[in-house]
Amino acid sequence: MNSPREVPSGRPVLLRGGTVLTMDDARTVLHETDVLVVDDRIARVGSGPAVPEGTVEIEARGGIVMPGMVDTHRHMWQTAMRGYGADWTLAQYFVWYYLEHGRHFRPQDVHAGNTLAALEALEAGVTTVVDWSHGLSTPEHADAAADALLGSPGRYVLAYGNIHQAPAEWTGTPEFRAFVERHRGNDRLGLQVAFDVTGDPDFPERPAFEVARELGLAVTTHAGVWGATGDNGVKLMHENGFMTPETIYVHGASLSEDSYQRIAATGGSVSVSTESEQSAGQGYPPTWRLRAHDIPVSLSMDSSVWWSGDLFSAMRSTLGADRSRQHLEAQSRGETVTHSALRAPQVVEWATRGGARALGRDDLGQVVPGAKADLVLLRNDDSPVSFPLLNPYGHVVFQAQRGDVHTVLVDGRVVKHEHRLVGVDLASVRRRSEETVEHLRSTVGEEAWQAGMNPDIPESKVLDNPYTYTEFRDASTRGR
Ligand SMILES: [Zn+2]
């Protein structure tokens with residue numbers, strides 16, 4: 001056995017002696033345990049007879065081996081605008097992308113964004129991403145999105161969408177069908193149909209649902225977004241028979257009891273993007289309500305235009321938001337929470353197996369023999385945060401971060417090793433992202449580009465600030 005920096009592909013891999021979060025039904029944690037990968041599968045968990053000839057050994061002692069994380073909703077095409085909208089609300093996002101500038105994205109810009117997002121995900125241990133690709137305004141854009149994903153070493157689901165046309169229009173084209181047939185059956189590139197349901201009583205989205213059903217594709221839809229989509233859309237979907245177990249409802253905030261019951265009754269799942277919901281305004285991150293209805297949850301990052309593409313952040317913020325709500329609700333009744341309802345193992349499951357389940361992939365999201373070898377090793381010997389390792393789930397959620405991702409495997413292939421992506425020409429990815437930024441910037445114009453990144457701050461003051469003494473008069477000014 002050997003352990004070269006660049007792991008040759010096609011060789012068996014042994015992750016030696018780590019703490020393994022199997023994410024099996026009992027959420028079994030195994031200590032000092034080997035995980036053997038042969039071809040694209042996990043061949044063995046635990047010690048056993050000699051490993052196959054030529055096995056590459058990767059030291060996992062002191063580290064955590066867990067399933068690759070699954071992000072069920074990310075607008076990868078926007079990634080070259082990383083961080084641009086950090087101070088946006090959802091309204092400002094809609095204006096920029098839907099109304100004013102989204103059309104400026106060329107096929108090569110979609111390609112650049114997808115490629116960058118794909119690497120960003122792998123680097124952070126996210127091995128499967130649903131690319132919620134709603135900027136596919138022409139077949140060339142769609143080809144660019146697919147080419148970028150096929151050229152990246154992760155696992156993806158291309159959720160085909162187009163915000164510039166009615167869903168009934170673009171799903172009805174021969175080009176869309178041809179695209180689906182061309183890419184059908186690829187284990188590393190699944191397909192979904194992505195569009196939103198406005199709640200228009202005429203239900204203009206019906207033909208799009210019918211096409212998805214005919215093609216056997218799941219629909220993913222932003223449902224429960226304050227000011228955009230809500231109960232009326234859910235009701236229309238339900239009454240017309242389009243709510244299925246494969247349906248993924250994104251955000252699922254700002255919904256009534258009735259909608260949650262319809263989702264629970266039809267078996268769909270909700271993709272929660274806590275970082276997004278907390279600052280954009282879709283509604284309070286809904287896990288506290290989803291739990292009450294036993295609705296399956298997966299996690300997602302939405303868009304790197306605002307937030308991190310990092311499911312460690314998703315787990316952390318989701319646990320925080322859920323507990324925050326629990327305390328707030330109890331304290332509003334004069335009560336004290338003595339036990340947290342949402343626990344670290346649950347959010348780790350949502351980030352791994354929950355996503356796999358939402359995608360109908362029983363072979364992902366677990367470290368068990370026979371499962372696909374999509375694996376993450378967290379190990380950072382140089383970090384004082386890597387020890388002591390007392391509570392592995394708590395460690396993943398509140399202590400670990402993307403810099404601790406030592407090794408990542410997808411489909412049995414080592415794509416990150418010793419903290420570095422394997423075989424990636426990052427300079428060329430950077431160059432192509434910069435070309436996209438240059439194109440957008442010059443098309444939008446410098447003034448609008450700067451203004452877009454720095455939205456106005458509302459001038460009104462709602463409450464007295466106790467530290468601006470000169471403006472304070474008395475308590476009667478409060479609330480004006
Ligand atoms: Zn979204």
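**View 1. Arg353 is a buried residue of helix α12**. The relative accessible area of R353 is 12%, which means that the residue counts as buried (buried is under 20% relative accessible area, exposed over 50%, partly exposed in between, with a 1.4 Å probe and protein chains only). Helix α12 spans residues 344–358; helices (H or I, at least four residues) and strands (E, at least two) are DSSP runs, numbered from the N terminus. A polar atom of the R353 side chain lies 3.1 Å from the backbone oxygen of M23. Neighbours within four places in sequence left aside, R353 is in contact with M23, D24, D25, G365 and Q366 (contact means heavy atoms within 4.5 Å). The model is predicted: local features need pLDDT of at least 70 and side-chain atom pairs count only at pLDDT 80 or more, while totals for chains, interfaces and linings use all residues. Residues are numbered from 1 along each chain as its sequence is written, and side-chain values use heavy atoms, with hydrogens and water left out.

**View 2. Trp88 pairs with two tyrosine rings, Y84 and Y97.** The whole structure holds 26 aromatic pairs; rings of Phe, Tyr and Trp (its six-membered ring) pair if their centres lie within 6.5 Å, and planes under 30 degrees apart count as stacked, over 60 as edge-to-face and the rest as tilted. Y84 and W88 have ring centres 5.7 Å apart and planes at 75°, so this pair is edge-to-face. The pair of W88 and Y97 is also edge-to-face, with 6.1 Å between centres and 85° between planes. W88 is buried at a relative accessible area of 3%, and Y97 is buried at 0%. One aromatic cluster includes Y84, W88 and Y97, together with W306, W307 and W449, among others.

**View 3. Salt bridges link E57 to R16 and K372 to D40.** The count of salt bridges comes to 31, each being a side-chain nitrogen of Lys or Arg within 4 Å of a carboxyl oxygen of Asp or Glu. In the bridge between E57 and R16, the closest N and O atoms are 2.9 Å apart. E57 lies in strand β4 (residues 56–59) and R16 in strand β1, so this pair ties together parts that are 41 residues apart in sequence. K372 and D40 meet at 2.7 Å, N to O. Because K372 lies in the loop between α12 and β14 and D40 in the loop between β2 and β3, this pair ties together parts 332 residues apart in sequence. K372 is buried at 5% relative accessibility, whereas D40 is partly exposed at 22%.

View 4. P388 belongs to the loop between β14 (375–378) and α13 (392–399).

Notes
A polar contact is a pair of N or O atoms within 3.5 Å; within protein, one must be able to donate a hydrogen and the other to accept it, and residues adjacent in sequence count only if both atoms are side-chain atoms.
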